[in-house]
Amino acid sequence: MAGLGRASATVAAGTMASRITGLIRNIVLTIAVGTVGAKAADSFAVANQLPNSVFALISSGLLAGVIVPQIVKAVKTHDDRGSAFVSKLLTLGVLALAVVTAAAVVAAPLLVEIYAGKFTAEAKSLTLALAYWCLPQLLFYGLYALVGEVLNARRIFGPFAWSPIVNNLVSIAGFGVFIALFGTYETASGWTAGMIALMGGTATLGIVIQAGILFLFWRRAGLHVRPDFRWRGIGLRQIGRLAGWTFLMVVVGQIAGAFQVNIVGSASGEGAAGATLQNAWLLFMLPFSVIVLSLGTPYYTKLSEHVAEGRTDAVTADLSSLTRTVGIFMVGVLAAMTVAAVPLARLFTTTPDNAVAFAWVLCAYLVALLPLSFQFGLQRTFYALKDTRTPFLYTLVQAVIVIATALAASALLTAGILPLEWLAVTIALGQSVANIVQFALAITLLRRRIGPLGLGAAFRGILRFGMAAIPAAAAGWGVFLLLGGVEGWTVSERLLGFLGAALIGGVTLFVYAAILALFRTPELAPAGRALRRFLPGR
């Protein structure tokens, strides 16, 4: 467990630094092109989302679900410790990424029409111009994920977690130059070729450098890799079967996301739209990335090893331990983020009114923070079992619900029942409902696959955490009101919004931890040990 703790600490520290710099990056981006009601922000959000969406799905499905278990097995069973196997996989992967990237660039006009069909003609033109600069990111996002998962499988967790920091720093510098030259530019009109190249080129350059850094750590993996086109005999049929289901997950996820982005485009330039959804999702995913991924990534390697050894009891024990540890952190974070939502939103917006609009979208996402956090372990267990078909099935259900709720929001908007300013909130809430249903299905289907999961004690612990979080949230909300609420200083400026969110969230977490300590919650001690492992010098 000491090695697991050190790996968790390395991932947590890198992820924390990456997310903080990523937060700063997006704040600088909102200064450059705005957020709520800004057409330029929505155009950039769509253009930059095209490669990001594919990367998010590939990295959490195809690569993590297929490659890690295969490499772990190859390392244990092959005489060369998996070097030949990895060479063949990387050769195939790079070729596939190159083909997909080229196809995406050629199909850019179609992709923009799918995602930004409700934009004005001017906004569509800007989106397409930015997309040509952003879509090449697909190749380098894929390389980053592919090489990173190979390093993770070899228990080299640090580079994958730390390299995005350089990407964020490049973006901060580039967006800063844009602000210095052009100021805040929220409209879709008047963009020159130089402005487009600076914005889109900055975003892509950061991803190129992020991927390149991983190759500096290749020797530590102990693998001797070279181009190898002899793919016969490496189990491509099995890999293809597993990857085939994951590819279908990509398809349904992309379709669902396209519906959301296209429909919310109706509000672009008028209120919360694509850029707001994107930045609210960033805030929503911040604790997930720092806590859940930091704890879960090393656990996934252990799960793969236990499955390879046929130790189902160890798999369920790891799953229960991960759920309880994640739960005690995430329940407190959920309470803190909910009561500090408006000051947090002020970091990304130009006025208090826009901050309130942003905060409603964030809170709609927060409804599913806990189910999404707990589902991570369930999905990785399926992947360790080399079962990607089942995750596809419950992801398909999720996608259907996402599409249905987005279409319902559009219909209500057309009928005049749903005000335009609530469109993004409704779509975000539909996403949360879909995630909750997906989580329930994942539990049911995994129980059918391996038997009792032993999560009863974990969920009883989560109930205790929730009881502690209620008075803690009340205390945080009271501080927000004492500071003036939506009319107070915590919403007046970006920097003050950060300070206000830190104060409100800090009070909430302090009260939460105090209540858990007062009632001697048994999960508090393991959580404290996990937290200390993340601190410098531990």
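The buried residues of helix H4 are Ala108, Val112, Tyr115 and Ala116, where buried means under 20% relative accessible area, exposed means over 50%, and partly exposed lies in between, with a 1.4 Å probe and protein chains only. Seen down the axis of H4, these buried residues fall within an arc of 75°, so they line one face of the helix; the arc is that of the directions from the helix axis to the C-beta atoms. An α-helix has 3.6 residues a turn, so residues three or four places apart point the same way.

The model is a predicted one, in which local features need pLDDT of at least 70 and side-chain atom pairs count only at pLDDT 80 or more, while totals for chains, interfaces and linings use all residues. Residues are numbered from 1 along each chain as its sequence is written, and side-chain values use heavy atoms, with hydrogens and water left out.

Taken as a whole, the protein chain has 20 helices and 0 strands; helices (H or I, at least four residues) and strands (E, at least two) are DSSP runs, numbered from the N terminus. Of the 538 residues in the protein chain, 57% are buried. Contact means heavy atoms within 4.5 Å, and among the contacts in the protein chain with a separation of 6 or more, 85% are between residues 24 or more positions apart. The accessible surface of the protein chain comes to about 21,700 Å², and 68% of this belongs to carbon and sulfur atoms, the areas coming from the Shrake-Rupley method with a 1.4 Å probe and, for residues, with only the protein chains shown counted as cover.

A nonpolar core is a set of buried Ala, Val, Leu, Ile, Met, Phe, Trp, Tyr and Cys residues joined through side-chain atoms within 4.5 Å, and the largest one here has 83 residues, with Val361, Leu378 and Tyr512 having the most contacts inside it. Helix H12, which covers residues 312–339, gives the most to this core, namely 12 residues. Apart from this core lies another, of 35 residues, which includes Ala32, Ala45, Ala131 and Ala188. When neighbours within four places in sequence are left aside, Val361 is in contact with Ala272, Thr276, Leu277, Ala280, Ala424, Val425 and Ala428.

Ala272 is also touched by Ala267, whose contacts, not counting residues up to four places away in sequence, are Ala272, Ala273, Leu420 and Leu423. Ala267 is found in the loop between helix H10 (236–264) and helix H11 (274–308), and it is buried, with a relative accessible area of 0%. Although Ala267 and Asp42 are 225 residues apart in sequence, they are 9.8 Å apart in space, C-alpha to C-alpha. Another buried residue is Asn167, with a relative accessible area of 8%, which lies in helix H8 (residues 164–182) and touches Ala203, Gly206, Ile207 and Gln210, again without residues up to four places away in sequence.

Charged pairs come next. A salt bridge is a side-chain nitrogen of Lys or Arg within 4 Å of a carboxyl oxygen of Asp or Glu, and a search of the whole structure finds 2 of them. In one, the side chains of Lys124 and Glu113 meet at 3.2 Å, N to O. Lys124 lies in helix H5 (residues 121–134) and Glu113 in helix H4 (residues 108–116), so this pair ties together parts that are 11 residues apart in sequence. The side chains of Arg449 and Asp387 also meet in a salt bridge, at 2.9 Å, N to O. Arg449 lies in helix H17 (residues 423–450) and Asp387 in the loop between helix H15 (369–384) and helix H16 (389–414), so the pair ties together parts that are 62 residues apart in sequence. Arg449 is partly exposed, with a relative accessible area of 41%, whereas Asp387 is buried at 10%.

Helix H17 also contributes to a nonpolar surface patch of about 410 Å², made by Val367, Val397, Leu429, Val433, Ile436 and Val437, and the largest share of that patch, 4 residues, comes from H17. Patches are made of residues with over 30% relative accessible area and no salt bridge, like charges being joined within 9 Å and nonpolar side chains (Val, Leu, Ile, Met, Phe, Trp, Tyr) within 5 Å. Leu429 is found in helix H17 and counts as partly exposed at 40% relative accessibility.

Finally, Arg520 has a positive phi of about 50° although it is not a glycine. Arg520 sits in the loop between helix H19 (494–518) and helix H20 (524–534), and it is exposed, with a relative accessible area of 76%.
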